[in-house]
Amino acid sequence: MKLNFEFEGSEPPVLREQDLREILEKRQLIKRALMLTLASALIHICLALLALYLSLHSLPAALVCLVFLGISLLNSGIAAVLFTRKMMNVIPY
């Protein structure tokens, strides 16, 4: 049977514990960022639903909630841009 890969031709790359720990830390950082993004999206959805509910009972309270939602979305966007710029240096593509 003929093999598609030649395993005896070259040495595999040397893996050190420090390199593996760095890869693990980068993956954990990405997971944390994803969880933070999902939590932020859920909070924004909840604020939008709260504004919708409040619009039936009190229009000024709904407007305050919408203003707070807008400010929160703006801050989240700025944080996302800054975090993305920082992550470009951390994650190798």
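1. A residue is called buried here when its relative accessible area is under 20%, exposed when that area is over 50%, and partly exposed in between. By this criterion, buried residues make up 11% of the 93 residues in the protein chain. The model is a predicted one.

2. The secondary structure consists of two helices and zero strands. The accessible surface of the protein chain is about 8500 Å², and carbon and sulfur atoms account for 69% of this surface.

3. Helix H1 covers residues 17-57. From its first C-alpha to its last, H1 reaches 60 Å with its 41 residues, close to the 60 Å expected at 1.5 Å a residue. The buried residues of H1 are Ala33, His44, Leu47 and Ala51.

4. Histidine 44 deserves a separate point. This residue of helix H1 has a relative accessible area of 11%, and it is therefore classed as buried, the cut-off being under 20%. Apart from neighbours within four places in sequence, histidine 44 is in contact with Leu69, Ser72, Leu73 and Ser76. With serine 76 there is also a polar contact between the side chains, at 3.5 Å.

5. Together with Leu42, Leu49 and Leu52, Ile45 makes a nonpolar surface patch of about 420 Å². On helix geometry in general, residues three or four places apart point the same way, because an α-helix has 3.6 residues a turn.

6. Two salt bridges are found in a search of the whole structure. In one of them, the side chains of glutamate 17 and arginine 21 meet at 2.7 Å, N to O. Glutamate 17 and arginine 21 are four residues apart in helix H1, so about one helical turn separates them. Glutamate 17 counts as exposed because its relative accessibility is 53%.

7. A salt bridge also joins the side chains of arginine 16 and aspartate 19, with an N to O distance of 3.2 Å. Both residues are partly exposed: arginine 16 has a relative accessibility of 47%, and aspartate 19 has a relative accessible area of 25%.

How values were computed. Residues are numbered from 1 along each chain as its sequence is written. This is a predicted model: local features need pLDDT of at least 70, side-chain atom pairs count only at pLDDT 80 or more; totals for chains, interfaces and linings use all residues. Side-chain values use heavy atoms; hydrogens and water are left out. Patches are made of residues with over 30% relative accessible area and no salt bridge: like charges are joined within 9 Å, nonpolar side chains (Val, Leu, Ile, Met, Phe, Trp, Tyr) within 5 Å. Accessible areas come from the Shrake-Rupley method with a 1.4 Å probe; for residues, only the protein chains shown count as cover. A salt bridge is a side-chain nitrogen of Lys or Arg within 4 Å of a carboxyl oxygen of Asp or Glu. The expected span of a helix is 1.5 Å times one less than its number of residues. Buried means under 20% relative accessible area, exposed over 50%, partly exposed in between (1.4 Å probe, protein chains only). A polar contact is a pair of N or O atoms within 3.5 Å; within protein, one must be able to donate a hydrogen and the other to accept it, and residues adjacent in sequence count only if both atoms are side-chain atoms. Contact means heavy atoms within 4.5 Å.
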